[in-house]
Amino acid sequence: MASNTKFIGVDAGNGQLKQRTLNGKNYLYPSAYINVADVAEILAEHQEWMDENKIRVIDERFVLATADLPMLSTYAIDTKGSDFTRYSTNSFQNLFMMGIKENVYSSYEDPQELAGKTVSFVVATGLPNDNLYDPRNSNIVDGIDLHNGAFQFALGKHTANVNGVKFTINVQDVTTIPETLGGYYSYMATLSSKADKMALAAANVAMWNGGTGNSQRANVVNGTYMKNIRNSQDNNGSNVLIDNIYNRLLEQEPALRKSTNLNTVKLLNMLSNGERQIKFGFPVQTIDATDIFDEEINKYGEMQVNLFNASGIDFDRVQVVLLTGGMAPLFSEKQFGGHGATVIRLENSVYANVNGYVLAAKQRYN
């Protein structure tokens, strides 16, 4: 493929759709979408949402909406899944294709420049370790397993209509790596000196990736990804933490059961931005949920450290621990520092994996 190949990154996790556009920008949506027919009247009353980049109407059928529009979350179609079968569902494939189309649209300062054009590119993505190496994801080309069988539906040309702008996308390839390895590539790119890069490449690195649907652990030794460690992933993602916080809040304030302003999408957003005040009811009441959040985060952190320690990674040999994923900002380096290794919490960790997918894809093609 030509050296001028373009790349986008799409990370369609269980809770959040993370994007890296053609021009290197990052965007975030919940991993859910809405049928236009279900919210047509609401959208007609809020034309400003489109101008404020809070919604994307895609192919006149679906809506991607940012997490700060709780009145739309009631209509959201969930795309969660805990095993490989998720990738064959219509809901996941719809979300993934919407992510690609939205990604290209957001790559242009003036999206009207897209009208009538065909844009060709490679999509870089990642999967949890067990799903990536699942036999159903096998796709052998010239004797090499590309491990992208789940994404064959995305290849080729597709028409797109985003917020009324019509264009065509041409997906030339979908590259995949283990999700957690995206954080490794991202951190490597932040190192300014060749000596630092070589030191990391020669190190024994353990990684923890905290996502919405699962938590993952990985090991890179001398630049080689160890794909056969035991207990590499589980279903104790931040959804477990969110459910615990939600149930605690309902116990403390039963009136919240009637509130449309409290849902799992709202709580995920609160976890990410540090908000701890919940407003509800009429007249408006406010609950300070700081103590509940802190207590449940600490319990969840202890569970994750225990899973990390039981992962089968030989921590006597580990020199560096990288914390990545959307949940990494919740925990201190000290919590994971019981083995004497240097613990590094990646900056902008919510996008670290998707940015790393693109870096890995560019290395493969260059």
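Tutor: Contact here means heavy atoms within 4.5 Å. This is a predicted model, in which local features need pLDDT of at least 70, side-chain atom pairs count only at pLDDT 80 or more, and totals for chains, interfaces and linings use all residues. Residues are numbered from 1 along each chain as its sequence is written, and side-chain values use heavy atoms, with hydrogens and water left out.

Student: Which elements do the buried residues of α10 pack against?

Tutor: They pack against β13, β14 (215–221), α8, α9 and β19. Helices (H or I, at least four residues) and strands (E, at least two) are DSSP runs, numbered from the N terminus.

Student: And which residues of α10 are buried?

Tutor: Ile292, Phe293, Glu296, Ile297, Tyr300, Gly301, Gln304, Val305 and Phe308 are the buried ones. Buried means under 20% relative accessible area, with a 1.4 Å probe and protein chains only.

Student: How many residues does the largest nonpolar core have?

Tutor: It has 36 residues, and Leu249 and Leu271 have the most contacts inside it. At least two residues each come from β13 (204–210), α8, α9, β17 (277–280), α10 (290–309) and β19 (320–324). Helix α10 gives the most, six residues. Such a core is a set of buried Ala, Val, Leu, Ile, Met, Phe, Trp, Tyr and Cys residues joined through side-chain atoms within 4.5 Å.

Student: What is Leu271 in contact with, leaving aside neighbours within four places in sequence?

Tutor: Leu271 is in contact with Leu241, Ile242, Ile245, Arg276, Phe293, Ile297, Met327 and Leu330. There is also a second, separate core of 35 residues, which includes Val123, Ala150, Phe151 and Ala160.

Student: Back to α8 and α9: at roughly what angle do their axes cross?

Tutor: The axes of α8 (residues 238–252) and α9 (residues 264–273) cross at roughly 110 degrees and come within 10 Å. On the α8 side, Ser238, Leu241, Ile242, Asp243, Ile245, Tyr246 and Leu249 take part, and they meet Thr264, Leu267, Leu268 and Leu271 of α9. Axes are lines fitted to C-alpha atoms, for helices over the stretch in contact, and angles run from 0 to 180 degrees between N-to-C directions.

Student: New topic: where is Asn355 placed?

Tutor: Asn355 lies in helix α11 (residues 349–365). Asn355 is buried, with a relative accessible area of 14%. Not counting residues up to four places away in sequence, Asn355 touches Arg20, Asn26 and Ser186.

Student: How far apart are the axes of α6 and α11?

Tutor: They are 7 Å apart, and α6 (residues 179–190) packs with α11 at an angle of about 80 degrees. Among the α6 residues in this contact are Tyr185, Ser186 and Ala189, while those of α11 include Asn355, Leu359 and Gln363.

Key
Buried < 20%, exposed > 50% of the residue type's maximum accessible area, 1.4 Å probe, protein only.
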